[in-house]
Amino acid sequence: MLPTLRDGRMTLRPLEERDATDLETIVEQPSVRKWWGSDDSDSRSAETFAEDARKQLAFAVEVDGALAGWLGFYEEHEPDYRHASLDIFLAIEHQGAGLGPHALRLAARWLIDERGHHRLTIDPACANVRAIRAYHTIGFRPVGIMRRYERGPDGAWHDALLMDLLAEELT
């Protein structure tokens, strides 16, 4: 069972199936959709978000008690490669106010302190300069370019920037 994490206006709570339709609406907003899956992918469907809830693979991001977005994570449990990865999107009205880094910092602290990870990764599109800048503010550093890594809404393959953060680098 995922915990509920709180810090000021920010709450990360276990994603619930009831959030799925609202998240599907958020992910279709142009400033989110631009970076989130191709048109023939199911990564933007309510069913995918409901599955995340059933499997406890994501948090609902709330700001002042209102659903603001989604924060997913993956944990590698192989002892020799143990680490976690993060992903996030926020509704347009919550973008550009430092809330993404706030949510990521909260999740990162939990993954490091409670789940025992020493290294976290995130992989924004190379063209998503705003996200890269935001991730850098909490300590993520570029590792390298993953060429033709993901398909965008335009159907073309796009490069992504692999970034990582060691536990002692979290700001």
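Me: Which residues does Leu-86 touch, leaving aside its neighbours within four places in sequence, and what makes each a contact?

Reply: They are Leu-71, Gly-72, Phe-73, Leu-104, Ala-107, Leu-111, Leu-120, Thr-121, Ile-122 and Phe-140. Contact means heavy atoms within 4.5 Å. The model is predicted: local features need pLDDT of at least 70, side-chain atom pairs count only at pLDDT 80 or more, and totals for chains, interfaces and linings use all residues. Side-chain values use heavy atoms, without hydrogens and water, and residues are numbered from 1 along each chain as its sequence is written.

Me: Why is a set of residues called a nonpolar core?

Reply: Because its members are buried Ala, Val, Leu, Ile, Met, Phe, Trp, Tyr and Cys residues joined through side-chain atoms within 4.5 Å. The largest has 35 residues, and Leu-86 is among those with the most contacts inside it. H4 gives the most to this core, nine residues. A second, separate core of 17 residues includes Ala-58.

Me: Why is strand E3 called mostly covered?

Reply: Six of its six residues (58-63) are buried, so each has under 20% relative accessible area (1.4 Å probe, protein chains only; exposed is over 50%, partly exposed in between). Ala-58, Ala-60 and Glu-62 point one way, Phe-59, Val-61 and Val-63 the other. The strand itself is a DSSP run (E, at least two residues; helices are H or I, at least four), numbered from the N terminus.
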